[in-house]
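Me: I am new to this structure and would like to know what stands behind the terms used for it. Please set each value against its definition.

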Amino acid sequence: RKEVEQDPGPFNVPEGATVAFNCTYSNSASQSFFWYRQDCRKEPKLLMSVYSSGNEDGRFTAQLNRASQYISLLIRDSKLSDSATYLCVVPGNQFYFGTGTSLTVIP
Amino acid sequence: DAGVTQSPTHLIKTRGQQVTLRCSPKSGHDTVSWYQQALGQGPQFIFQYYEEEERQRGNFPDRFSGHQFPNYSSELNVNALLLGDSALYLCASSPGTGRTEAFFGQGTRLTVV
């Protein structure tokens, strides 16, 4: 089983929509998690950190379900500028990345 | 603060050649990790350097080697290049080897022909 698994999408949503991505992880001892955003042909940039049950930053909410070993990222009121790939990361001896979920917000 | 900087940004090499990629970490960061990202995939961990030593290594062959200098900057060397080594190579720095956020450089796009 992979350390981190994500639905690769693609997700195509209209502006203003709410969209959610899920990510499952295999190591039940993991304590912290990250969501990174990666624009086409650019480097990943930290979007949110999740250390407890969840985190909220404006239109973005990350939630953690330890019992089911998944984390989610919710984006409300989607903007065109939200179009990107969202990478789920579980730190361990190394950073374990998911394959990324592609989001396109359509006008 | 210049953030994480990598050089070169693009590189084209021929099969069998050797390549060296460079990374300067974010100010105050002493740990450097290298990742390979193939098109359409998430980054794959190559190795991590801390205190000038390789601390962790991913599932990459010995053709991939590295170095960290006293100023915390790092190099990634790849010998005997294969076509499959074509990818975006990302350097990430962090303060220590703990499970803290990492900051990425813009990457070096390597094409092997």
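Predicted model: local features only at pLDDT ≥ 70, side-chain atom pairs only at ≥ 80, totals over all residues.

Me: What makes A:Cys23 and A:Cys88 a disulfide?

Reply: A disulfide is a pair of cysteine sulfur atoms within 2.5 Å. The sulfur atoms of A:Cys23 and A:Cys88 are 1.9 Å apart, so the pair meets the rule. A:Cys23 is in strand β3 (residues 19-25) of chain A and A:Cys88 in strand β9 of chain A, 65 residues apart. Strands are DSSP runs of E with at least two residues, numbered from the N terminus.

Me: Why is the disulfide of B:Cys23 and B:Cys91 called left-handed?

Reply: The torsion about its S-S bond is about -60 degrees, so the disulfide is left-handed. The S to S distance of B:Cys23 and B:Cys91 is 1.8 Å. Over all chains the count comes to 2 disulfides.

Me: Is A:Cys88 buried or exposed, and why?

Reply: Buried means under 20% relative accessible area, exposed over 50%, and partly exposed in between (1.4 Å probe, protein chains only). A:Cys88 has 0% relative accessibility, so A:Cys88 counts as buried. B:Cys23, at 3%, also counts as buried.

Me: How do you know which residues belong to the contact of chain A and chain B?

Reply: Contact means heavy atoms within 4.5 Å. The contact takes 20 residues from chain A and 19 residues from chain B.

Me: What is the buried area of chain A and chain B?

Reply: Buried area is the accessible area (1.4 Å probe) that two parts lose on being put together, summed over both. For chain A and chain B this is about 1700 Å², with 52% of it on carbon and sulfur atoms.

Me: How many salt bridges are counted between chain A and chain B?

Reply: A salt bridge needs a side-chain nitrogen of Lys or Arg within 4 Å of a carboxyl oxygen of Asp or Glu. The count between chain A and chain B is 0.

Terms used: Residues numbered from 1 in each chain as written. Chains lettered and ligands numbered in written order. Heavy atoms only, no water. Helix = DSSP H or I, 4+ residues; strand = E, 2+ residues; numbered from the N terminus.
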